[in-house]
Amino acid sequence: MMATLRIHRFVEGRKWVQDYKVEVTKGMTVLEALISIKEHQDPSLSFTCSCRSSICGACAVRVNGNAELSCEKLVSDLIARYQTETLTIEPLGNFRVIRDLIVDWDPKYARIKKVKPVVHPKDEFSAEDGCRQSPADFDKYKKYAGCILCGSCVSECNKNTLNQKDFLDPFAFVKAERITADSRDKDPEEHLKAVLDAGLWRCFNCQECTAKCPKHLDPAGAIEKLKAATFKYHLDDNVGARHAKAIYDDIQESGTLDESKLNIKSEGFFLAGLRAPMALRLMRVGKMNPLESHPVNPEVKTVAAIVKVAEKEEE
């Protein structure tokens, strides 16, 4: 079977798309197809790779619009998934492209420093005795230590696509959760304050980072854990935290969401007042009536019980 790799090229400011025909052999990965093209058809094609074992993360690219580790994705599987023998290969999204499929990681590495990604050992530890912790405490964060910095999560992050200046990359939040959950660290508040400043509550919760993570680390879940930790350490005096608490209180008290008061609870009377024109439009089309009392869901006790079970499961 022959496959066409439609590769987005970028060399010294010039962009174009170039097609290459590749004979698909059994077990051929996207990376092997790229290497075959470079060795037998076009030595100018540029991409990055190293371990070829899904460990280093260097070979991540976009295939038909989705971030993938090219060393682990079989060409035949992708052809079957997309029902086409033409695969479009692009560099990762939300990165500056250096050449062809090579992207610039330097700014991303620099941004990780914003979460202060260093464990500061508690005073009870010493250089002689080390920093011991129980297996249970280690299990709380060991999953996030598996991040290989492939960039797949940030490539598909809708918030980063909209604006990278006020929101860190998902893998940076994964790093922050790994440090914050580490029982050996004496100052988790320091990391939490850093992620709050880095836009923690601006996450769209679109789940794209989790869907595209090749190591199944659930970056979106890490962001939610960081949000929960801000309440634990009383770092909840911000719009995002108040918004989340308002939703939680509404669900607990009435089993439904009181949208007419949500902005006031989240932003306060002054900022909510600036949204008066929108409120008037909603009232005019019957979407909101401030004179009506908020209805209570007949199943409110069942809803509250479900919330309690979910909270216990999370613990």
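Analyst: R62 has E90 in β5 as its bridge partner. The two belong to a pairing of strand β3 (residues 60-63) with strand β5 (residues 86-90), which is antiparallel and has two bridges. Strands are DSSP runs of E with at least two residues, helices are runs of H or I with at least four, and both are numbered from the N terminus. Two strands are said to pair if DSSP finds at least two bridges between them. The model is predicted, so local features need pLDDT of at least 70 and side-chain atom pairs count only at pLDDT 80 or more, while totals for chains, interfaces and linings use all residues. Residues are numbered from 1 along each chain as its sequence is written, and side-chain values use heavy atoms, with hydrogens and water left out.

β5 also pairs with β1, here in the parallel sense and over four bridges. In that pairing L5 has L87 of β5 as its bridge partner. On β1 there is a further pairing, with β2, which is antiparallel and runs over ten bridges. T4 stands opposite K21 of β2. β1 and β2 form a hairpin with two residues between them, and E12 in the turn has a positive phi of about 50 degrees.

Taken together, the five strands make an open sheet in the order β2-β1-β5-β3-β4, with mixed pairing. β2 (14-23) and β4 (66-69) are at the edges; each has a single partner strand, so one side of each lacks a neighbour in the sheet. On average, neighbouring strands of this sheet are turned by 35 degrees against each other, direction ignored.

β1 is mostly covered, with seven of its ten residues buried. Buried means under 20% relative accessible area, exposed means over 50%, and partly exposed lies in between, with a 1.4 Å probe and protein chains only.

What lies across β1, β2 and β5? Helix α1 (residues 30-40) does, running at about 70 degrees to β1 (2-11). Axes here are lines fitted to C-alpha atoms, for helices over the stretch in contact, and angles run from 0 to 180 degrees between N-to-C directions.

L78 counts as buried because its relative accessibility is 0%. Leaving out residues up to four places away in sequence, L78 touches V30, V63, E68, K73 and L87. Contact means heavy atoms within 4.5 Å. Among these neighbours, L87 is also the bridge partner of L5. By contrast, L78 and G221 are 143 residues apart in sequence and 27 Å apart in space, C-alpha to C-alpha.
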